[in-house]
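Here's a quick briefing on some aromatic contacts and a sheet. Have a look at the model first, then read on.

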Amino acid sequence: MALILNIETSTNQCSVCLSRDGEPWILECHQLENGHAEKLTLLIDKVLAIANIQFDLLDAIAISDGPGSYTGLRIGTSTAKGICYSLDIPLIAVSTLKHMAHSDSNIDACAYISLLDARRMDAYVAIYLPDSQQYLTELKSPFFTTLTADSFHDLFSDSIQHLVIRGNAVEKLPNIFFDNPKISCVQTLPNAFDMVPFSQRAYDNKQFVDVAYHEPFYLKKPNITKSKPIF
């Protein structure tokens with residue numbers, strides 16, 4: 001029985017899901033503007049307390065690997081690394097955009113687009129096609145873009161009968177997307193619950209990342225400003 005702790009900190013929603021043999025077991029979420037460092041460990045402790053298990057019973061830790069909030073990803077990754085190192089268990093990295101799209105992959109659609117907020121009118125984007133095993137095949141590698149009425153215009157063809165767009169940047173889309181009957185737009189946040197199929201698949205295939213050297217997939221450089229001198 002594989003017990004995997006799934007950690008999602010790519011946005012202002014921090015969530016932790018304990019999975020058992022590829023099925024979500026216990027989920028805890030917390031919405032916050034900042035403070036992942038404070039809340040994440042509390043959520044982990046709460047999930048394990050509800051399950052009535054100790055840390056040393058965990059088989060692996062899975063992190064939502066980005067893109068997303070620089071601070072959130074850094075905190076999630078460093079916390080997961082600390083647990084993995086202390087317990088000598090493997091670390092799994094799950095694409096944030098892919099697990100976010102997969103949560104709607106049971107909808108009969110020809111393509112799925114994940115849109116993660118990158119401030120202003122910008123978004124992190126990935127486009128996927130469903131495959132025969134109800135996983136997702138990447139049509140285009142994750143990229144960073146400014147959303148306009150022409151975004152994804154090449155997908156508005158007769159061959160695409162239904163397109164699902166989901167994420168916390170959906171509200172930035174022009175009305176043309178919401179008025180199109182072939183498009184379903186879902187405003188939502190990434191959640192550790194949706195990581196479970198991918199973390200279990202990676203665990204079964206021994207697709208682990210290096211605990212010491214792995215870095216999140218930021219996609220673009222963080223917007224870090226230097227503090228002004230006091231004097």
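**Aromatic pairs**

There are four aromatic pairs in the structure, counting Phe, Tyr and Trp (its six-membered ring) when ring centres lie within 6.5 Å; planes under 30 degrees apart are stacked, over 60 edge-to-face and the rest tilted. This is a predicted model, where local features need pLDDT of at least 70, side-chain atom pairs count only at pLDDT 80 or more, and totals for chains, interfaces and linings use all residues. Residues are numbered from 1 along each chain as its sequence is written, and side-chain values use heavy atoms, leaving out hydrogens and water.

- Phe-152 and Phe-177 form an edge-to-face pair, because their ring centres are 6.2 Å apart with the planes at 75°.
- Phe-152 sits in the loop between β8 (136–146) and β9 (163–167), and Phe-177 is 25 residues away in helix α4 (residues 175–178); helices (H or I, at least four residues) and strands (E, at least two) are DSSP runs, numbered from the N terminus.
- Phe-152 is buried at 8% relative accessibility, and Phe-177 is buried at 0% (buried is under 20% relative accessible area, with a 1.4 Å probe and protein chains only).

**The five-stranded sheet**

- The strand order in this open, mixed sheet is β3-β2-β1-β4-β5 (strands pair if DSSP finds at least two bridges between them).
- At the edges are β3 (23–31) and β5 (91–94), each pairing on one side only.
- β1 (residues 3–8) runs parallel to β4 (residues 60–64), with four bridges.
- Across from Ala-62 in β4 you'll find Asn-6.

Methods:
Buried < 20%, exposed > 50% of the residue type's maximum accessible area, 1.4 Å probe, protein only.
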